[in-house]
Amino acid sequence: MIIDPGESNPHEEPCLACGEETAIGSVFFSDRHAGELPDGSRAFLCSECLAKARSVAGLERDCDTGALHSAASVYMMSYIS
Ligand SMILES: [Zn+2]
């Protein structure tokens, strides 16, 4: 990945867990998870971190969307303090 010198946050919509860009045009955009933080701001998980969140929660790959979203929310909460 190329990061411009002097640019502290080069990503528009970084994954909350790993920092990879998930904005439109990035490789993670189509499979990303978009969630909302307690302060109302939007946060994102890339597909790899979403898979980790599902694994941490013990969910199957074909689990229902609601269960996956709640697992993703719990996972994102662990990255904010
Ligand atoms: Zn990620």
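Tutor: One term before we start: a residue counts as buried if 20 or more other C-beta atoms lie within 10 Å of its own. And keep in mind that this is a predicted model.
Student: Okay. With that cut-off, which residues of H1 are buried?
Tutor: Cys49, Leu50 and Ala53. They span an arc of only 105° around the axis, so they sit on the same side of H1.
Student: And what covers the buried residues of H1?
Tutor: The cover includes strand E1 (33-36), strand E2 (42-45) and H2.
Student: Let me back up a bit. How many helices and strands does the protein have?
Tutor: Two helices and two strands. Starting at the N terminus, the order is β-β-α-α.
Student: At what angle do H1 and H2 pack?
Tutor: About 100°, with the axes of H1 (residues 47-56) and H2 (residues 65-77) 8 Å apart. Angles from 65 to 115 degrees count as roughly perpendicular, so H1 is roughly perpendicular to H2.
Student: Which residues make the contact?
Tutor: On the H1 side, Leu50, Ala53, Arg54 and Val56; H2 brings Leu68, Ala71, Ala72 and Tyr75. By class, the H1 contact with H2 has seven nonpolar residues, one charged and no polar.
Student: Switching topics: which residues have the most contacts inside the largest nonpolar core?
Tutor: Cys15, Leu16, Leu45, Cys49, Ala53 and Ala72, in a core of 16 residues. E2, H1 and H2 are the elements that give two or more residues to this core.
Student: Where does the largest share of this core come from?
Tutor: From H2, with five residues.
Student: You named Ala72 for both the helix contact and the core. What is Ala72 in contact with, leaving aside its neighbours within four places in sequence?
Tutor: His33, Gly35, Leu45, Leu50 and Ala53.
Student: How much of the whole protein is buried?
Tutor: Buried residues are 26% of the 81 residues.
Student: And of the contacts between residues at least 6 apart in sequence, what share joins residues at least 24 apart?
Tutor: That would be 34%.

Note on methods:
Residues are numbered from 1 along each chain as its sequence is written. This is a predicted model: local features need pLDDT of at least 70, side-chain atom pairs count only at pLDDT 80 or more; totals for chains, interfaces and linings use all residues. Axes are lines fitted to C-alpha atoms, for helices over the stretch in contact, and angles run from 0 to 180 degrees between N-to-C directions. Helices (H or I, at least four residues) and strands (E, at least two) are DSSP runs, numbered from the N terminus. Angles under 35 degrees count as roughly parallel, over 145 as roughly antiparallel, 65 to 115 as roughly perpendicular and the rest as oblique. Two residues are in contact if their C-beta atoms, placed from the backbone, lie within 7 Å. Ala, Val, Leu, Ile, Met, Phe, Trp, Tyr, Cys and Pro count as nonpolar, Asp, Glu, Lys and Arg as charged, and the others, Gly among them, as polar. A residue is buried if 20 or more other C-beta atoms lie within 10 Å of its own, exposed if 12 or fewer, and partly exposed in between; C-beta atoms are placed from the backbone. The arc is that of the directions from the helix axis to the C-beta atoms. A nonpolar core is a set of buried Ala, Val, Leu, Ile, Met, Phe, Trp, Tyr and Cys residues joined through C-beta atoms within 7 Å.
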